[in-house]
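Hi,

Here is the structure I promised to pass along.

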Amino acid sequence: MAGAAGPGTGPGAAGGDGDDSLYPIAVLIDELRNEDVQLRLNSIKKLSTIALALGVERTRTELLPFLTDTIYDEDEVLLALAEQLGNFTGLVGGPDFAHCLLPPLESLATVEETVVRDKAVESLRQISQEHTPVALEAHFVPLVKRLASGDWFTSRTSACGLFSVCYPRASNAVKAEIRQHFRSLCSDDTPMVRRAAASKLGEFAKVLELDSVKSEIVPLFTNLASDEQDSVRLLAVEACVSIAQLLSQDDLEVLVMPTLRQAAEDKSWRVRYMVADKFSELQKAVGPKITLNDLIPAFQNLLKDCEAEVRAAAAHKVKELCENLPIEGRETIIMNQVLPYIKELVSDTNQHVKSALASVIMGLSTILGKENTIEHLLPLFLAQLKDECPEVRLNIISNLDCVNEVIGIRQLSQSLLPAIVELAEDAKWRVRLAIIEYMPLLAGQLGVEFFDEKLNSLCMAWLVDHVYAIREAATNNLMKLVQKFGTEWAQNTIVPKVLVMADDPNYLHRMTTLFCINALSEACGQEITTKQMLPIVLKMAGDQVANVRFNVAKSLQKIGPILDNDALQVEVKPVLQKLGQDQDMDVKYFAQEAISAVAQRLRKLDFPVKGSEEPSAPGADKNHFLRPRGPGEDTGKGPAHQLHVNTRDTLAQLGTAELVHFSRSRD
């Protein structure tokens with residue numbers, strides 16, 4: 001491997017003298033030089049183990065220099081190394097020797113791959129906290145200076161992330177040097193360096209003295225916010241939030257707001273997008289007075305921006321903007337200065353903008369109150385419910401509870417239902433699936449009478465949808481509705497309609513009946529299950545389609561714990577007995593699965609084959625299971641066995657099934 005130490009120069013070189021204690025580091029060196037990347041990666045991940053074996057002294061004097069000299073490898077190996085070294089302080093002797101970790105991390109902070117540099121900087125920041133103030137100035141600050149004045153942009157970008165961690169504990173003279181280096185990086189010739197400096201500007205400002213913020217950071221912010229590269233300017237917007245939190249209202253107005261106004265009208269949509277995305281943070285940072293005078297007009301411009309991405313980002317912030325306005329006069333400001341622009345967005349040409357607005361607009365109802373909601377917001381809600389974009393309609397429906405708290409769902413019902421029906425019948429099955437998920441919520445808001453009148457038929461129609469995922473979701477939906485409206489409602493409204501499907505010509509719909517019974521039985525209870533559902537399940541055991549028959553067996557297994565003993569013995573027993581002799585292998589298998597499950601509840605029930613009623617042997621009860629008999633096996637004695645049918649067994653083999661008795665437990 002290029003860059004590796006030559007023979008006799010590494011920490012394991014003494015291994016040739018017979019010192020076995022050097023063997024672990026020799027293995028490490030061998031693996032670090034191996035052509036297999038995975039081996040090298042594994043060796044790096046074992047560094048802590050190797051360091052423990054070597055001890056702190058040899059780790060400092062042999063291992064770390066070796067690593068520093070051999071840093072030239074695949075990015076994933078270097079990334080693992082940078083991560084390991086961040087937790088190495090205890091392995092080199094504690095905080096007093098933390099500076100020993102700086103050389104390899106300094107090298108890693110200069111590599112070309114960004115993720116490696118970032119991880120090295122993260123580890124350096126972590127180690128800096130373990131330095132004493134003296135050690136910090138003696139070792140860490142010089143490292144930062146070297147990186148900041150490096151020939152390659154990679155080292156200078158890494159330096160940007162280290163200023164804020166060393167500045168607070170440095171002496172005044174050193175602080176001045178640190179600020180000077182940061183100023184140099186903010187005006188670096190390379191855009192990548194200026195971008196890195198801009199991203200750390202706010203973080204650095206937080207650790208500076210207020211005078212330094214005004215005299216040095218603000219001019220840097222102004223310059224970066226007017227940089228020729230939009231990637232630098234947009235990061236300056238992010239720094240604006242941190243800087244604004246440090247300054248008084250008067251200083252803000254003079255030092256920051258002119259630059260922020262300029263950013264809100266920047267020629268690059270990316271910069272305007274960043275202003276919109278950070279608008280809530282900016283609003284909190286600058287305070288209510290500047291918000292009313294400067295930010296509201298800027299927000300209006302963002303809401304009508306020529307770029308859809310900017311309008312969408314601003315639309316996402318509508319609710320937060322309104323919530324953060326001072327309560328006194330808030331309603332007037334919203335009605336006069338925000339709502340007119342919202343009305344325009346409702347009919348925007350871009351679906352992402354409309355979808356973003358729909359996700360937050362319902363929240364305005366709690367801010368504006370009932371009268372304003374009915375008069376001004378309700379027409380907007382209804383317009384979005386009729387929008388051609390399904391995502392817009394779904395965002396409105398999913399937030400209906402906000403409006404329900406203010407005006408009640410009845411106000412929306414006449415226009416709401418057509419939109420729901422349209423969604424429920426949408427050509428895209430994922431849209432239909434999404435509206436099913438909101439049905440229990442709507443049911444709770446509408447009430448049982450309104451639901452029965454308007455939406456019940458819709459829920460039943462989903463049960464016969466041609467997409468299985470819809471039928472499955474509709475089944476679960478029924479269970480949730482029963483839990484919400486009660487068993488009496490289920491008995492009178494849902495169960496009869498479900499059971500009618502048992503005679504449907506389409507076997508998939510007949511199977512849906514069984515799935516519904518499985519889901520509803522627990523919610524409906526024993527009485528409804530026994531009297532209304534069980535007869536239908538038993539009747540379907542004679543279905544011509546094998547898929548239906550083995551689902552009957554699965555349903556009987558599912559509802560078995562709900563039924564009483566008499567129903568199991570008189571009604572379920574003959575059906576499972578018959579299914580156990582079915583010609584289809586899968587039906588036989590699931591019938592035996594059901595027999596096994598039911599037998600755990602009915603310990604004294606027998607399941608004879610072919611109706612035979614042979615007397616039980618003395619000392620045995622009448623618990624019987626079907627299973628193939630082995631050669632020479634005594635069927636009158638022995639433990640119970642559950643039948644596991646191999647679908648490849650021949651009918652002749654299955655025909656040899658015999659009775660096996662449980663041993664009776666004696667007192």
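Phe 163 and Phe 204 are both buried, where buried means under 20% relative accessible area, exposed over 50% and partly exposed in between, with a 1.4 Å probe and protein chains only. Before going on, please note that this is a predicted model, in which local features need pLDDT of at least 70, side-chain atom pairs count only at pLDDT 80 or more, and totals for chains, interfaces and linings use all residues. Residues are numbered from 1 along each chain as its sequence is written, and side-chain values use heavy atoms, with hydrogens and water left out.

The structure holds eleven aromatic pairs (rings of Phe, Tyr and Trp, the last by its six-membered ring, with centres within 6.5 Å; planes under 30 degrees apart are stacked, over 60 edge-to-face, the rest tilted). One of them joins Phe 163 and Phe 204, a tilted pair at 6.0 Å centre to centre and 55° between the planes. Phe 163 sits in helix H10 (residues 163–166) and Phe 204 in helix H12, so this pair ties together parts 41 residues apart in sequence. Helices here are DSSP runs (H or I, at least four residues), numbered from the N terminus.

Phe 204 also forms a tilted pair with Phe 182, at 4.6 Å centre to centre and 40° between the planes. That pair links Phe 182 in helix H11 (residues 172–186) to Phe 204 in helix H12, 22 residues apart. Phe 163, Tyr 167, Phe 182 and Phe 204 form one aromatic cluster.

Now to the core. The largest nonpolar core has 215 residues, and Phe 88, Trp 462 and Leu 556 touch the most other members (a core is a set of buried Ala, Val, Leu, Ile, Met, Phe, Trp, Tyr and Cys joined through side-chain atoms within 4.5 Å). Helix H14 (residues 230–246) gives the largest share of this core, ten residues.

Leaving out residues up to four places away in sequence, the contacts of Phe 88 (heavy atoms within 4.5 Å) include Leu 47, Ser 48, Ala 51 and Thr 59. Thr 59 is found in helix H4 (residues 56–69). Why does Thr 59 count as buried? Because its relative accessibility is 0%.

Best wishes

Methods. Helices (H or I, at least four residues) and strands (E, at least two) are DSSP runs, numbered from the N terminus.
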